[in-house]
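This report describes selected residues, ring pairs and packing in one protein model. The sequence and structure come first, and the description follows.

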Amino acid sequence: MTTTTDHVAVAGAGLLGRLVAWQLLADGHAVTLYDAGDLDAPPAAAWTAAGMVAPLCETAVSERCVHDMGRFALTQWPRWLQALDASSLWQQHGSLMVAHPQDLGELTQFRRDLDHALGGNAPCQPLDAREIHRLEPDLAPGFQQGLYLPDEAHLDNRALLTRLLDEIRALGGECRAHCPVETFPGEVITADGRRGFDLVIDCRGTGARPRHPSLRGVRGETLHVQTDEIRLSRPVRLMHPRYQLYVVPKPGHRFVIGATQIESEDRSPVSLQSSLELGSALYTLSPAFAEARILEQGVNLRPAFLDNLPHVTHREGLVTANGLFRHGYLLAPAVVCHLLAGIRGHGERPFADTLAARPPQENAA
């Protein structure tokens, strides 16, 4: 799809929307970015997320294309962050997976699933207690076995979203907060009426359900804590029969903890049960977390299609991109590069078989 667009509307200022708006402004287009919420502290799932880029951790429970797009993300994110003069937001020190002695079967099964998915070529290293302590000396001493996934990374997602917004504004982008829209080919409708554009790009997540009836929200919960009693150099995942808890270090002695994936569109606060489970599991990783201060408990809905894969649709005057599910920072680079290649009329689209497939039950209206 080759276009000669001049003025583009981007609906939705989450991760996809900001990346697309930034790139189109850099290409010389005029861009108006709309969002139904606050732009500076957005309610988007990308703000609540932990910011992991961990293709191997997801491979055992996802399609192979998720792994492949994740590998692409590991090369694309450093390029974008360098262009944003924000390379410090990227940390590529791998991921560490551990399990308590009674749950070692979970770790063994994960390794088997990973080898099966990748044909036995998974780049991961088994660790004993001494090697675990060498990587993360502040973890509890009881972990006897672990897996180190050296290629994986994480980024400071909130600082990234802020940096993208600053760049969009600096490049002259028109930013409209608290402005819900409906999208149509070549126009958007707001409370102020209709407005025409050369191209409309819809990245509204669950807000785009009128266009994608099969789109659903999957509840995710996170716990944000702060303590200077423990240091972690990389994300740590605790394997457990009922959940995989992850802890991701952030600047300022902060940590984001998550585990939940609930098939519910309930946006109410975190339940007592979830809070207790997250806190208890965190304590078993290291008793030093006992005095951590809870900064916030985050809840958000991740947009997902029936196949849990992202899809990009093109029609004259309208492009939609949606369905990142729980893989926002992992899959966004592949989705954005695919979308931009269609608009620019050049560039490789290696994941077209997945991304260009019609979303299940798409509404063609």
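## Loop residues

F325 sits in the loop between strand 20 (318-322) and helix 9; helices (H or I, at least four residues) and strands (E, at least two) are DSSP runs, numbered from the N terminus. The model is predicted, with local features needing pLDDT of at least 70 and side-chain atom pairs counting only at pLDDT 80 or more, while totals for chains, interfaces and linings use all residues. Residues are numbered from 1 along each chain as its sequence is written, and side-chain values use heavy atoms, with hydrogens and water left out.

F325 has a phi near 55°, a positive value in a residue other than glycine. Its relative accessibility is 8%, so F325 counts as buried; buried means under 20% relative accessible area, exposed over 50%, and partly exposed in between (1.4 Å probe, protein chains only).

N308 is another residue other than glycine with a positive phi, near 60°. N308 belongs to the loop between strand 18 and strand 19 (311-315). With a relative accessible area of 26%, N308 is partly exposed.

D85 lies in the loop between helix 4 and strand 4 (90-91). Its relative accessible area is 69%, so D85 is exposed. The C-alpha atoms of D85 and C179 are 30 Å apart, and the two residues are separated by 94 residues along the chain.

## Aromatic pairs

A pair of aromatic rings is described by the distance of the centres and the angle of the planes. Rings of Phe, Tyr and Trp (its six-membered ring) pair if their centres lie within 6.5 Å; planes under 30 degrees apart count as stacked, over 60 as edge-to-face and the rest as tilted. By this rule there are six aromatic pairs. One of them is the tilted pair of W77 and Y329, at 6.1 Å centre to centre and 35° between the planes. This pair links distant parts of the chain, since W77 is in helix 4 (residues 64-83) and Y329 is in helix 9 (residues 328-344), 252 residues apart. W77 is buried, with a relative accessible area of 0%, and Y329 is buried at 4%.

The rings of F255 and F289 have centres 5.3 Å apart and planes at 85°, so this pair is edge-to-face. F255 is in strand 17 (residues 254-258) and F289 in the loop between helix 8 (272-285) and strand 18 (293-304), so the pair ties together parts 34 residues apart in sequence.

| Residue | Relative accessible area | Class |
|---|---|---|
| W77 | 0% | buried |
| Y329 | 4% | buried |
| F255 | 3% | buried |
| F289 | 6% | buried |

W77 and Y329 also belong to one aromatic cluster with W22 and W80.

A nonpolar core is a set of buried Ala, Val, Leu, Ile, Met, Phe, Trp, Tyr and Cys residues joined through side-chain atoms within 4.5 Å. The largest one has 57 residues, and those with the most contacts inside it are L15, L19, W77, L160, I201, Y329 and L339. Helix 9 supplies the largest share of this core, 11 residues. A second, separate core of 26 residues includes V225, L245, I257 and F289.

Contact means heavy atoms within 4.5 Å. Leaving out residues up to four places away in sequence, Y329 touches several residues, among them L15, A46, M52, W77, L155 and L160.

How do the axes of helix 4 and helix 9 cross? They come within 7 Å and cross at roughly 80°, where axes are lines fitted to C-alpha atoms, for helices over the stretch in contact, and angles run from 0 to 180 degrees between N-to-C directions. Helix 4 and helix 9 are therefore roughly perpendicular; angles under 35 degrees count as roughly parallel, over 145 as roughly antiparallel, 65 to 115 as roughly perpendicular and the rest as oblique. Residues making the contact include A73, W77 and W80 of helix 4 and Y329, P333 and V336 of helix 9.

## Two further helix residues

E167 lies in helix 7 (residues 157-170) and counts as buried at 18% relative accessibility. Not counting residues up to four places away in sequence, E167 touches W22 and L84.

T48 is part of helix 2 (residues 45-48) and is buried, with a relative accessible area of 11%.
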